[in-house]
Amino acid sequence: MGTESIYGDHLPELEAVKKRLLAEIDTLRKNVKQKYGMDPVEHCLARIKSEESMREKCRRRGLPETTESALTEIHDAVGIRVVTSFISDVYLVRDYLASLPDCRVVEEKDYIRHAKPNGYRSYHMILLVDNHVYAEIQLRTISQDTWASLEHHLKYKKTLNQDTNLIVQELKRCADELASTDVSMQTIRDAIFQIQKDEDR
C-alpha cells in the first residue's frame, strides 16, 4: 500500500484555490485588455507542490512530514507564477490580488525594488485564501523570468569546483542590464500611453 499523501484529503481544496486564483487573474487580464487594449500578463503558470518536494522541504526545515506542516508551516503548497510584460503590470497584478475578498496578504518580498545580491528580481507574496489555504505568488517581468530561468539551468554552484566569483559577477551584470532594459521599455510604454491620451482629448 502506498504512503498516505502529505496533504491528507486536502488536495481538492488546494486545486480549488489554484483554479480560483487563476480565474481571478484571467478576469483582471480581460478587464485591462478591454480598457487599454493590451494584456498585462504575458503568461501564467500554476502548480500544487509535488509530494516529494513538499516532504523534502519539511526535512530541510526540520519539520515533521505531516499534513499540518505542509498546509500551515509551509506556505507554498499552491504556487502561481505570473509573468508580465512591464514592471508596472507586476504591481497592477499585486494590487488586484491583494484586494480580493477572502484573500489576505501575510507576507511580501519586493526583490524588484530590492534585488537579491546575485541580481535576482521578482515580487513574492503569500496569500491566505478563505482563511485556511496559503498560496505563494511570484510576479516578474519577461526579462526577470528569462534571467531566473537561465540562472537556474546553469546550476553552476553544484557543477564547478573552482572559484565561481567571475560567473556570479557576470550573472549579476546580466541581471542589471536586463533591469535597465525593463525600465527603458516601461518609459517607452508610458510615453506611448501619454501620446494616446493626448490624442483622445
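Reader: Which residues have the most contacts inside the largest nonpolar core?

Author: Those are Y7, L14, L21, L97, I137 and L139, in a core of 36 residues. A nonpolar core here is a set of buried Ala, Val, Leu, Ile, Met, Phe, Trp, Tyr and Cys residues joined through side-chain atoms within 4.5 Å. Buried means under 20% relative accessible area, exposed means over 50%, and partly exposed is in between, with a 1.4 Å probe and protein chains only. Two or more residues of this core come from each of α1, β1 (41-48), α2 (51-60), α3 (67-73), β2 (78-84), α4 (87-98), β4 and β5 (133-141).

Reader: What should I know about the model and the numbering?

Author: It is a predicted model, where local features need pLDDT of at least 70 and side-chain atom pairs count only at pLDDT 80 or more, while totals for chains, interfaces and linings use all residues. Residues are numbered from 1 along each chain as its sequence is written, and side-chain values use heavy atoms, with hydrogens and water left out.

Reader: How many helices and strands does the chain have?

Author: There are 7 helices and 5 strands. Both are DSSP runs numbered from the N terminus, with helices being H or I of at least four residues and strands being E of at least two. The order along the sequence is α-β-α-α-β-α-β-β-β-α-α-α.

Reader: And the overall box, plus how much of the chain is buried?

Author: The C-alpha atoms fill roughly 70 × 50 × 25 Å along the principal axes. Of the 201 residues, 40% count as buried. For contacts between residues at least 6 apart in sequence, 64% join residues at least 24 apart. Contact means heavy atoms within 4.5 Å.

Reader: Back to L139. What is it in contact with?

Author: Leaving out neighbours within four places in sequence, L139 contacts V82, V90, V93, R94, I112, S122, Y123 and M125. Apart from that core lies another one, of 6 residues, including Y111, Y120, W147 and A148.

Reader: Different topic. How many cavities of 30 Å³ or more does the search find?

Author: The search of the whole structure finds 1. On a 1 Å grid over the protein atoms alone, a cavity is a set of points where a 1.4 Å probe fits but cannot get out, and a pocket is an open set with protein on both sides within 12 Å along at least five of seven lines; lining residues have an atom within 4 Å of a point. The largest cavity holds about 50 Å³, volume being the space filled by probe spheres set on the grid points, which are joined across faces, edges and corners.

Reader: What lines the largest cavity?

Author: G119, R121, S143, Q144, W147, A175, L178 and A179. Helices α5 (142-154) and α7 (165-200) each give two or more residues to that lining. S143 is in helix α5, is buried at 16% relative accessibility, and touches L178 and D182 when residues up to four places away are left out.

Reader: What about the second largest pocket, what is its volume?

Author: About 220 Å³. The pocket is lined by 13 residues, with K57, H75, E107, I126 and E136 nearest its centre. Strands β3 (103-110) and β4 (123-129) give two or more residues each. By class the lining has 3 nonpolar, 2 polar and 8 charged residues. Ala, Val, Leu, Ile, Met, Phe, Trp, Tyr, Cys and Pro count as nonpolar, Asp, Glu, Lys and Arg as charged, and the others, Gly among them, as polar.

Reader: How many disulfides?

Author: The structure holds 0, a disulfide being a pair of cysteine sulfur atoms within 2.5 Å. Take C44: the closest cysteine sulfur, in C103, is 14 Å from its own, so that is too far for a bond. C44 is partly exposed, at 23% relative accessible area, and C174 is partly exposed at 32%.
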